[in-house]
Amino acid sequence: MILKVIIIDDEPLAINVIESHAEKIDQLEVVKTFSNAVNASIFLQSNTVDLIFLDINMPVLDGFGFLETLKKKPMVVITSAHAEYALKSYEVEAIDYLVKPVSFPRFLKTVKRVIDLLSKNESIHQKSNENPSIFIKIDNKKLQKVYLNEILVVESLKDYIRIKTTSDKYIIHKTLTGFTDELPKDKFIRIHRSYTVAIDKIQSVEGNSVEIDDIRYTIGRSYCDEVKKKILSDYHS
């Protein structure tokens with residue numbers, strides 16, 4: 001397993017330290033370094049990586065602002081000289097928080113954790129031909145496997161979402177737009193600014209609402225045409 005890595009930091013010395021540590025680990029390949037988050041954000045529009053080592057205090061666009069620009073977020077490790085950002089790093093689902101100066105033993109511990117997470121869930125999303133599944137981060141240490149064919153409705157709760165399945169409910173720190181983008185478009189559809197639903201779990205359509213698991217969900221006015229077109233095309237296919 002070779003992980004493609006980028007380093008984002010406005011301090012050249014800090015980049016050199018992380019890059020030097022990474023060169024000692026065969027599983028890491030540093031594909032690019034950036035002295036500012038703006039160029040890194042542009043790079044990620046057309047390139048994919050597995051892991052980002054990210055500084056927080058940077059001019060123009062700081063680390064947390066940078067994460068908000070990403071449509072699809074790789075694993076992130078925060079590197080900062082300021083320990084007070086540790087709580088915020090948890091809120092943005094960072095894998096770890098490294099306080100500068102970063103020692104190699106501490107760096108190695110983080111990399112082992114990243115590799116362990118990836119080997120367990122195959123880059124968070126783990127799919128099989130028979131029963132595709134997704135792993136969701138429900139706390140700082142636990143990844144929960146959820147089968148896609150068990151998801152009924154995903155509901156927006158501002159910066160969080162509630163995932164309702166046939167057997168359970170999960171609340172995770174993620175936006176509805178971000179989570180919907182990761183779901184297969186032939187299986188799920190956004191029906192409202194607050195709801196994404198499983199197409200095959202829709203029991204009925206009445207007016208501007210759909211029924212799933214005996215509960216009615218409103219179809220947003222701007223989504224109505226697309227939703228009905230998709231449901232009808234699936235029905236006739």
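## Strands 7 and 8

Two strands count as paired if DSSP finds at least two bridges between them. Helices (H or I, at least four residues) and strands (E, at least two) are themselves DSSP runs, numbered from the N terminus. With that in hand, look at the hairpin that links strand 7 to strand 8 through 5 residues. Strand 7 (residues 133–137) pairs with strand 8 in the antiparallel sense, over 5 bridges, and S133 sits opposite Y147 in strand 8.

Strand 8 (residues 143–147) has two faces: Q144 and V146 are on the covered one, while L143, K145 and Y147 are on the uncovered one. In a regular strand, side chains alternate between the two faces of the sheet.

Residues are numbered from 1 along each chain as its sequence is written, and side-chain values use heavy atoms, with hydrogens and water left out.

So what is pLDDT? It's the predictor's confidence in each residue, from 0 to 100. The protein has a mean of 89, and 93% of its residues reach 70 or more. Where pLDDT is low, the predicted coordinates should not be read in detail.

Now for a sheet of 5 strands: it is open, with antiparallel pairing and the order 11-10-9-13-12. Strand 11 (169–172) and strand 12 (188–192) are at the edges with a single partner strand each, so one side of each has no neighbour in the sheet. On average, neighbouring strands here are turned by 20° against each other, direction ignored. (The axes are lines fitted to C-alpha atoms, for helices over the stretch in contact, and angles run from 0 to 180 degrees between N-to-C directions.)

Inside this order, strand 9 (residues 151–157) pairs with strand 13 (residues 195–198) over 3 bridges, in the antiparallel sense. V154 has T196 in strand 13 as its bridge partner.

## Nonpolar cores

A nonpolar core is a set of buried Ala, Val, Leu, Ile, Met, Phe, Trp, Tyr and Cys residues joined through side-chain atoms within 4.5 Å. Buried means under 20% relative accessible area, exposed over 50%, and partly exposed in between (1.4 Å probe, protein chains only). The largest core has 22 residues, and I6, I8, L44, I52, L54 and F66 have the most contacts inside it. Helix 2 gives the most, with 4 residues. Beyond four places in sequence, L44 touches I6, V49, I52, F66 and L70.

## Two buried residues

Is L61 buried or exposed? L61 counts as buried because its relative accessibility is 19%. L61 lies in the loop between strand 3 and helix 3. Setting aside neighbours within four places in sequence, L61 contacts A37, V38, F66 and T69. The C-alpha atoms of L61 and S41 are 9.8 Å apart, with the two residues 20 places apart along the chain.

S89 belongs to helix 4 (residues 86–91) and, at 4% relative accessibility, is buried as well. Not counting residues up to four places away in sequence, S89 touches F64, I78, A94 and Y97.

How values were computed
Predicted model: local features only at pLDDT ≥ 70, side-chain atom pairs only at ≥ 80, totals over all residues. Contact = heavy atoms within 4.5 Å.
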